[in-house]
Amino acid sequence: MNDKKYDILIVGGGVVGTAIARELSKYNLSIALFEKETDVASGTSKANSGIIHAGYNASKDTLKGRLNIESNPMFDQIVSDLKVPFKRIGSLVVGHSQEDKEKLILEKEKSLAQADIDLRVIEKQELREKEPDLAEDAIVALYAPNAGIISPYKLTIAQAENAANNGVEIHLQTEVKQVLHENNYITGIKTNKGEFYGSVVINAAGLYADKIAATVGENYEIVPRKGEYNLFDKKYGSLVNHVIFPMPSEKSKGILITPTVDGNLLLGPNSYVVDDKDDLEVTEQGLNEIWSGGKKLYPSLPGGGVISSFAGLRATIPADPYNDDFKIEALDKPVGFIDVAGIQSPGLSSAPGIAKMVERLIKDISTEIKAPISLKEKPTYNPELDKLPRLDDYKDHREDWHQVYQEDNNYGEIVCRCEHVTKGEIIAELKKSLAPPTLDALKRRTRASGGRCQGGFCGPRIAEIIAEEFNISPLEVTKNGPGSEILMERVKDIKADRDITYRRQKDEN
Ligand SMILES: Cc1cc2nc3c(=O)[nH]c(=O)nc-3n(C[C@H](O)[C@H](O)[C@H](O)COP(=O)(O)OP(=O)(O)OC[C@H]3O[C@@H](n4cnc5c(N)ncnc54)[C@H](O)[C@@H]3O)c2cc1C
C-alpha cells in the first residue's frame, strides 16, 4: 500500500509513456510511471524499424500526420540532450516504372501542399549515385533528406532515466489492473503492488490500452498488427546509405531496407493482423515474404548475413486497421483520464509531439480535476543526461581510450567482442538506479551480446558481472526477469551437496 498521493500517474513505459513523463518532469508535479515488465522499452518500442519519418506519409488532417510533422525537427535537440544515437540519413521511396514516377510526383505535391517538408523526386542517375547497388530497374525515387534512424529502445530508456533524474518515480514490474474513479473523477489506480492515488491517469499502455480504458467504461479494441524483421551483421550495415522503401501499399509503407544507427542492416517489416497481443513469433512464411520484398529492391542481399530475426506488434484501433489514427484525448467522464492509444506507426517519430499534446491536455483539465494542479516549472529541471564512455565511440581513435581505462581498469576488459563493450561500460549501467539486472536490459543499454554471436561468447561473463555487482548467485541472473533464469544449477558443487542430502535423508530413515 502506498499512501503517497501523486498528481499524475502514467501507465506504460514505452517511447510514448516515457516521452510524456520526461516532458511533464519539468513541472513541480509529483509523477509516477508504471511498467508491468522488468524494464522500460519492453513492448512495441523495442521492436520496430527505428525510423524517424520525414512526415509525408499520413495526411496533416490526421493526428499521426500532424504529430509526425511537428516532431521530426524536435529530434535534434532531444538526442543532443539525451546522448542517443541518431542520424538523418534520408529516405528514398523507390519506383520502377513511369506509373510509379507519376505517383511519386503526386505524393510530393500532396505533401508539400500540407507541410513544408523537404522532398524531391530524383531520377535514375542521382538515385544510382546515392544507392549504387539498387535493383537495375529502380529508375526514380522520392527523396526525403530529413528522415532519420534512431535506436528506439535507447531513446525510451534515456527518456525514462532523464524523467527519473528530474523526480519521476518509475515503478517497474508493476502492472496496472484497474483505474479508480469516484463520482466521475479519477482517484488513482490499482496495481499488483497496491493502490496509488492521483487525479490524472495517462493511459499509454500500448497494445493493452483498451484493457486499461475498459476500467473507466470506454469501449474500443486494440488489434495487433505484426511486422517481422531480419537483422544483418554489422559487416553489411554500409550496403545501403538511406532508408529505402518500396512503393507503399494500402496496408503499409512496405518492406524496407535500412542501416541501423548501430551499424547493422535491417530488412522488414511485413504487416498482418494477429489474434494474440503476445504473439511475437517469427514465421517461415513471414521471413520468406520480407526476403522477397528485400530482393526486389536490393538483389544482392547477403543470404548468410542474418544474425537475428524478430517481430513487433503495431497497436491499431480497427475502424479500418490499415488506415486508422492515434486516439489522444482527455475524457469528459471520468475527469482526469487521458487516453493515448492506437499509437501505431509513426508513433516513434511522433512521440515528442504526443508528449506536447498531452501536456496541453493536462493544462486544459488542470483546474477541473479532483485535486487541481498548477503547472509551475521547477528551476532544478535538467533536460540533459551525462555521456558515459563507450569504447565503440573511439573506434577511429582507439589510442584515446587509454586515458579512460587508466582511470578505471574495468574499461580495459572487453567483455563483448562483437560489439566491443567493456566491463566498465556494463558496470556503469548497472550502477544506475533504472537498470534492471538482466541480460536483455544490458543488451539494450550497452549492446553487449547484441552482435554476431548473440551472447554465445559473452553471455556467461555478463551474467557473472551482474552477479558480482548485485551480490547475487549467477543462478539468479535472468534474461528478462523472473522465469527466464539462464543457469539451472552449479554442476560441480551442487551435485555433491545433493548427494550428501540424499545420503543424509537415507541415514535418517
Ligand atoms: C513492425 C513495426 C514497425 C514500426 N516502425 C516504426 C518506425 O520506423 N517509426 C515510427 O515512428 N514508428 C514505428 N512503429 C510504431 C512504434 O514502434 C510505436 O508507435 C511505438 O513504439 C508505440 O509506443 P508506445 O509507448 O505507445 O507502446 P509500447 O512501447 O508498447 O509501450 C507500452 C508499454 O505499456 C506497458 N503496459 C501494458 N499494459 C500495462 C499495464 N497494465 N500496466 C503497466 N504497464 C503496462 C507495456 O509493457 C509496454 O512497455 C513501428 C511499429 C511496429 C510494430
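# Notebook: strands, a pocket, a ligand

I began with strand β5, residues 91-95. Of its 5 residues, 5 are buried, so the strand is largely enclosed by the rest of the structure. I note here that the model is predicted.

Next I asked which way the residues of β5 point. Ser91, Val93 and Gly95 face one way. Leu92 and Val94 face the other way. Both sets are buried. The general rule I kept in mind is that side chains in a regular strand alternate between the two faces of the sheet.

Then I looked up the partners of β5. Strand β7, residues 140-144, is joined to β5 by 5 bridges, and the two run antiparallel. Leu92 has Ile244 of β14 as its bridge partner.

**A three-stranded sheet**

I moved on to an open sheet. Its 3 strands come in the order β3-β8-β4, with antiparallel pairing. Which strands stand at the edges? They are β3 (51-52) and β4 (86-87). Each has a single partner strand, so one side of each is left without a neighbour in the sheet.

**The ligand**

I listed the surroundings of the ligand. There are 39 residues around it, and Glu35, Ser45, Ile51, Ile343 and Ser349 come nearest. Then I looked at backbone atoms. A polar backbone atom of Ile51 lies 2.8 Å from a nitrogen atom of the ligand. For Leu348, a backbone N or O atom is 3.1 Å from a ligand oxygen atom. For Gly347, a polar backbone atom is 3.4 Å from an oxygen atom of the ligand.

**The second largest pocket**

How much space lies in the second largest pocket? I noted about 1,000 Å³. Its lining counts 43 residues. Nearest its centre are Lys83, Pro85, Lys154, Lys387 and Arg390. By type, the lining divides into 19 charged, 15 nonpolar and 9 polar residues.

I also asked which helices take part. At least two lining residues come from each of α6 (152-165), α11 (423-431) and α12 (439-446). The most come from α6, which gives 6 residues.

**Two single residues**

I picked His171 first. It sits in strand β9, residues 169-171. Is His171 buried or exposed? Its relative accessibility is 17%, so it counts as buried, the cut-off being under 20%. Its side chain makes a polar contact with the side chain of Glu169, at 2.8 Å. I then compared sequence and space. His171 and Val11 are 160 residues apart in sequence, and their C-alpha atoms are 9.9 Å apart.

Val491 came next. It lies in helix α14, residues 491-508. Its relative accessible area is 59%, and Val491 is exposed. The cut-off for exposed is over 50%. Val491 and Gly12 are 479 residues apart along the chain. Their C-alpha atoms are separated by 40 Å.

Notes: Residues are numbered from 1 along each chain as its sequence is written. This is a predicted model: local features need pLDDT of at least 70, side-chain atom pairs count only at pLDDT 80 or more; totals for chains, interfaces and linings use all residues. Side-chain values use heavy atoms; hydrogens and water are left out. Buried means under 20% relative accessible area, exposed over 50%, partly exposed in between (1.4 Å probe, protein chains only). Helices (H or I, at least four residues) and strands (E, at least two) are DSSP runs, numbered from the N terminus. Two strands pair if DSSP finds at least two bridges between them. On a 1 Å grid over the protein atoms alone, a cavity is a set of points where a 1.4 Å probe fits but cannot get out, and a pocket is an open set with protein on both sides within 12 Å along at least five of seven lines; lining residues have an atom within 4 Å of a point. Grid points are joined across faces, edges and corners, and a volume is the space filled by probe spheres set on the points. Ala, Val, Leu, Ile, Met, Phe, Trp, Tyr, Cys and Pro count as nonpolar, Asp, Glu, Lys and Arg as charged, and the others, Gly among them, as polar. A residue is near a molecule or strand if one of its heavy atoms lies within 4 Å of it. A polar contact is a pair of N or O atoms within 3.5 Å; within protein, one must be able to donate a hydrogen and the other to accept it, and residues adjacent in sequence count only if both atoms are side-chain atoms.
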